[in-house]
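Below is a short briefing on one predicted model. Please read it alongside the sequence and the coordinates.

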Amino acid sequence: MAQAAAASDPESAGQRIFLSPPHMSGNELRLVEEAFASNYVAPVGPMVDALEREFAERTGVAGATAVASGTAALHLVLRLLGVGAGDEVWTSTLTFIGGVSPICQLGAAPVFFDVSPATWTIDPALLADEMAKAARFGRLPKAVVPTDLYGQSCDIDTILAICEPYRIPVVTDSAEALGATYRGRPVGSAGAAAIFSLNGNKIITASGGGIIVSRDRRLTDQARFLAQQARDPAPHYEHTTLGYNYRLSNVCAAIARGQLAVLDDRVAARRAIFTRYQAGLGDLPGIAFMPEAAYGRCTRWLTVMLVDPQEFGADREVLRLALEAANIEARPVWKPMHLQPVFAQARHVGGAVSESCFEKGLCLPSGSALAQSGQGRVIDIVRGGLASAKRVG
Ligand SMILES: *Cc1c(COP(=O)(O)O)cnc(C)c1O
């Protein structure tokens, strides 16, 4: 019902505006009914098969495997790349925990890299430096997992050029960037593999789910095998390795197919929301927005606003609380992983840029069903927040 809440007129009754609620197109229910009619109310079925074909096509790769979450997708890929105890996996510090916990669950150590201020994705210069050092000391990472943040692609060609001489596989965590492009190519089409998330807050959803895509079909086939309890072909179930119960439900795949069909509309809507925020708030002193990298098209999955407390006269937390008081959900930028208590012992390379993004960054309501009237409410509160801060000052 979150969708109904978000889709109805938000000016009436000061209804809560969520950060990024689901946005159904209307076709999902028909496809769910089709799934029911086929009686594949199960973790296999024609909707799962079709979803995988459609994702591979959309991303321009050979294979796709649908699983229960983006986190599970990354877990499977890293396991298939042989990540295990004693290995390092290098990733961006500015990310969500779902992109990191699989590294730890496999017994490997994450190393957190700072981001570039121009893209908010892993800084290739830091990566190149550290790779050269690691090569000298014979301590190369087992894999590199750059994050495509808030709908923006990492600088994948540069990252691949750094990793390829050492044959280090690159897996992009594209959970937040489905529909984005890099030099005209779809995000997720480069590297050893990419993962997407179909969680309820992402640009399209299956209610919950994840997708692995790869140009290497053997990898996505092996991922499918592991996701289904690693059952060797035998009527009695034979096991030569251990797997997981990670498959996506055929019913959820039906929802995801309805959503994938409208992905381009969803990208356009999120970008239009970003443009309206920029037009409505960009003139305020001390307000800026997450930059869009020159090399690609960001989906603006979330609009991220930067608040300079000195220039603006209030910090992002004052604004967040003002929005919350008006029943509007906003959130700080991801807290960098190297600042998380659970990673107090982890190695990190730089971090000042990410720390500044975290200190100043506020994610504004960006759901593709957000009405202009609702967005107007958000803009008014932010402008009002400035006025009240001025009164106090
Ligand atoms: C959402 C997200 C994930 C995890 O996806 P789930 O489907 O929620 O498991 C991983 N990495 C990033 C960057 C994400 O935003």
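**Sheets, cores and a domain interface**

Three strands form an open sheet in the order β7-β6-β11, with antiparallel pairing. Its edge strands are β7 (185–186) and β11 (296–297), each of which pairs on one side only. Strands, like helices, are DSSP runs numbered from the N terminus (E, at least two residues, for strands; H or I, at least four, for helices). Two strands pair if DSSP finds at least two bridges between them.

Residues are numbered from 1 along each chain as its sequence is written, and side-chain values use heavy atoms, with hydrogens and water left out. The model is predicted: local features need pLDDT of at least 70, side-chain atom pairs count only at pLDDT 80 or more, and totals for chains, interfaces and linings use all residues.

- Strand β6 (residues 181–182) is joined to β7 by 2 bridges, and the two run antiparallel.
- Y182 has R185 as its bridge partner in β7.

- Another open sheet has 4 strands in the order β1-β9-β8-β5, with mixed pairing.
- β1 (63–67) and β5 (171–173) are the edge strands, each pairing on one side only.
- Neighbouring strands of this sheet are turned by 20° against each other on average, direction ignored.
- Axes here are lines fitted to C-alpha atoms, for helices over the stretch in contact; angles run from 0 to 180 degrees between N-to-C directions.
- Strands β8 (residues 193–197) and β9 (residues 210–214) pair in the antiparallel sense over 4 bridges.
- Within that pair, I195 stands opposite I212 in β9.
- Helix α3 (residues 46–59) lies across β1, β8 and β9 and runs at about 130° to β1.
- Helix α4 (residues 70–80) lies across β1, β5, β8 and β9, at about 165° to β8.

**Nonpolar cores**

- A nonpolar core is a set of buried Ala, Val, Leu, Ile, Met, Phe, Trp, Tyr and Cys residues joined through side-chain atoms within 4.5 Å.
- Buried means under 20% relative accessible area, exposed over 50%, and partly exposed in between (1.4 Å probe, protein chains only).
- The largest core has 47 residues, of which L51, F55, W120, Y150, I211 and V333 touch the most other members.
- Elements giving two or more residues to this core are α2 (28–38), α3, β1, β8, β9, α9 (250–260), α10 (263–281) and β12 (303–307).
- α9 gives the most to this core, with 7 residues.
- This core draws at least three residues from each of domain 1 (28–260) and domain 2 (264–392).
- F55 is in contact (heavy atoms within 4.5 Å) with A64, L178, F196, L198, I211 and L260, leaving aside neighbours within four places in sequence.

**Two domains**

- The domain assignment of the protein chain gives domain 1 (28–260) and domain 2 (264–392).
- These bounds come from an automatic or database domain assignment.
- The C-alpha centres of domain 1 and domain 2 are 26 Å apart.
- Across the interface, 43 residues of domain 1 are in contact with 36 residues of domain 2.
- Domain 1 and domain 2 bury about 3,500 Å² between them, with 61% of it on carbon and sulfur atoms.

- Strand β10 (residues 287–289) is joined to β12 by 3 bridges, and the two run antiparallel.
- I287 stands opposite V307 in β12.
- β12 is also joined to strand β15 (residues 361–364) by 4 bridges, again antiparallel.
- L306 stands opposite G361 in β15.

**Residue S354**

- S354 is found in helix α13 (residues 352–360).
- S354 counts as buried because its relative accessibility is 0%.
- S354 touches T93, L94, D114, V115 and P336, not counting residues up to four places away in sequence.
- The C-alpha atoms of S354 and P336 are separated by 6.3 Å, with the two residues 18 apart along the chain.

Notes. Buried area = accessible area lost by both parts, 1.4 Å probe.
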